Amino acid sequence: MIGPLRAMLMRDLALASGGSAGLGLVFFLLVVTLTPFAVGPDLALLARIGPAILWLGALLATLLGLDRLLQADHEDGGLDLMYLASAPLELMVGAKILAHWLTTCLPLVIAAPLFGAMLDVGPTTSLRVALALLIGTPALACLGAVGAALTVGLRRGGLLAPVLILPLAIPVLIFGVAACDATRDDFAPLGVLGGLALGYAVLGPVAAAGALKLLRD
Amino acid sequence: MGIFSPITALANPARFSAFSARALPWLSGVTALMMALGLYLGLVVAPADYQQGETVRIMFLHVPSAWLGMMGYTVMAAASLGVLIWRHPLADVAAKAAAPLGAAFTFLALATGSLWGKPMWGTYWVWDARLTSFLILFLMYLGLMALRSAIDEPSRAAKACAILTLVGSINIPIIKFSVEWWNTLHQPASVLKMGKPAMDPSILTPLLVNALAFTLLFVTLHLAAMRTELVRRRLRTLRITTASAAPAFAPEPAE
């Protein structure tokens, strides 16, 4: 059972190393760059809303690759091979989500402290943002997979998946930003964020695989 | 099976059509009477609040709308289970018909809430926990309707929407809890905190009558929308069968 999963993971990682992996990072940097133009270059204000900007930028950047996550496999027939694999479809989708997270979300987590410095977010808060993103982005990737699975094969699916997914991502955003607050001593928001990530790690692959099975034509 | 037998009997689309054709005029009549009674009690009989004045009457529309906005999603979630477990076509007809209704009532709840907020809070919109939760519910309705309109084939649209509805219904309690927690975190100072005094019967009775009238309105509209949807599907099938039969006789159209 491990064989097909590893093959899936390796294939997606190899495909992503073709160059599309950096695009989300550039988009993230652009969101961070645009914010001072919108709210003014006041560093005190930017430092205050910095974690929120980083979270919004990361949230939007995770949506970028969604339209290709399953659509590319639908077009080249890879999806049919996934149905035939000896591993359950849920785990195959899980392997795809893991590859998506490693190539799209992990760079955002690593870059977040760097971009935080540009917004004058202190080192402690920056590390908290990175930690919160590290725990929260898998939840976003799992939710994103549901949106990608529901819109597979649609001509107008590109914008639809974010519209379906963003309302559901609100709890992750709330607790993600709250976990960045350096004035809090407790790790309660981080704990809830971890709980959300674990819950969506189950819900995401199961719902996405269910959608793929039902919508298979 | 005892209590389910009337429901399973109605699951037959033809029998449902016959039943709803007979029930709709009666339901419409009762709904109109109840709405008239509810509005009369709410707008004329009920006294103005000593604190909120006449604006308290908005509540007679606001609370039933909010209740139906939530009931609409519950109906859709139940129907979605019917789609996924029993693969019943009528379940999807019910789910599809409930979406715009639920969205409309959620919008009404938001609109009346913000109209009530202007004199009470001094602003049309406050990021209050309940208003925010309803806004998210409204967005979820819109997402569902967008997904349905993006998929051409009804049976595929039914399954996709059923999955999204169920994923959403798992998320709704999480969203509600998160938003409430978020709201206590950033408590805005300007929000007028409403106490929770015991509701006087002079207010409670019109409210309950209105809630019943609005529920009847929902049921009536839902039944009518389901009938329309059934006809629309029959028409679609007819059109497809005639279209697939036609090319055998007609020449290929010139490019």
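Begin by selecting the largest nonpolar core, which has 121 residues, and colour the six with the most contacts inside it, namely A145(A), V146(A), A149(A), A211(A), A94(B) and A95(B). Within this core, the element that gives the most is α8(A), with 15 residues. Keep in mind throughout that you are looking at a predicted model.

**First stop: A149(A).** Centre the view on A149(A) and, setting aside residues up to four places away in sequence, show what this alanine touches: L70(A), A208(A), A211(A) and L212(A). A211(A) is itself listed among the residues with the most contacts inside the core.

**Second stop: the crossing of α7(A) and α11(A).** Now select helix α7 of chain A, residues 89-118, together with α11(A), and look at their axes, which come within 8 Å and cross at roughly 115°. The crossing of α7(A) and α11(A) is right-handed. To see which residues meet here, display L89(A), E90(A), V93(A), G94(A) and I97(A) on the α7(A) side, and G204(A), P205(A), V206(A), A208(A), A209(A), L212(A) and K213(A) on the α11(A) side. Coloured by class, the residues of this contact divide into eight nonpolar, two polar and two charged.

Select the residues of the contact between the chains, 21 from chain A and 22 from chain B. On the side of chain A that touches chain B, the elements giving two or more residues are α8 (123-150), α9 (157-165), α10 (170-179) and α11 (188-215). Of these, α11(A) gives the most, with six residues. The chain A side of the contact divides into 18 nonpolar residues, two polar and one charged.

Move to chain B and find A95(B) in helix α4, which runs over residues 89-121. Is A95(B) buried or exposed? A95(B) is buried, because 25 other C-beta atoms lie within 10 Å, where the cut-off for a buried residue is 20 or more. Next, draw a distance from A95(B) to M76(B): the two are 19 residues apart in sequence, and their C-alpha atoms are 4.6 Å apart in space. Leaving aside neighbours within four places in sequence, the contacts of A95(B) are M76(B), A79(B), S80(B), V83(B), C161(B), A162(B) and T165(B).

Zoom out and show chain B as a cartoon, in which the secondary structure comes to seven helices and zero strands. Buried residues make up 30% of the 255 residues in this chain. Among the contacts in chain B with a separation of 6 or more, 78% are between residues 24 or more positions apart.

**Last stop: the annotated spans.** An unreviewed UniProt entry gives the annotation "transmembrane region" to residues 23-46, 66-86, 98-117, 129-148, 160-183 and 203-226 of chain B. Select residues 23-46 of chain B, a span that is 96% helix and 0% strand, with its end C-alpha atoms 32 Å apart. Then select residues 129-148 of chain B, which are 100% helix and 0% strand, with end C-alpha atoms 29 Å apart.

For chain A, the UniProt annotation "transmembrane region", also from an unreviewed entry, lists residues 12-39, 45-66, 98-119, 131-152, 159-179 and 191-215. Residues 98-119 of chain A are 95% helix and 0% strand, and their end C-alpha atoms lie 30 Å apart. Finish on residues 191-215 of chain A, where the span is 100% helix and 0% strand and the end C-alpha atoms lie 35 Å apart.

Terms used. Residues are numbered from 1 along each chain as its sequence is written. Chains are lettered from A and ligands numbered from 1 in the order in which they are written. This is a predicted model: local features need pLDDT of at least 70, side-chain atom pairs count only at pLDDT 80 or more; totals for chains, interfaces and linings use all residues. Helices (H or I, at least four residues) and strands (E, at least two) are DSSP runs, numbered from the N terminus. A residue is buried if 20 or more other C-beta atoms lie within 10 Å of its own, exposed if 12 or fewer, and partly exposed in between; C-beta atoms are placed from the backbone. Two residues are in contact if their C-beta atoms, placed from the backbone, lie within 7 Å. UniProt positions are given in the numbering used here, feature names are shortened, and annotations may be inferred rather than shown by experiment. Ala, Val, Leu, Ile, Met, Phe, Trp, Tyr, Cys and Pro count as nonpolar, Asp, Glu, Lys and Arg as charged, and the others, Gly among them, as polar. A nonpolar core is a set of buried Ala, Val, Leu, Ile, Met, Phe, Trp, Tyr and Cys residues joined through C-beta atoms within 7 Å. Axes are lines fitted to C-alpha atoms, for helices over the stretch in contact, and angles run from 0 to 180 degrees between N-to-C directions. A crossing is left-handed if the near helix is turned anticlockwise from the far one by less than a right angle, and right-handed if clockwise.
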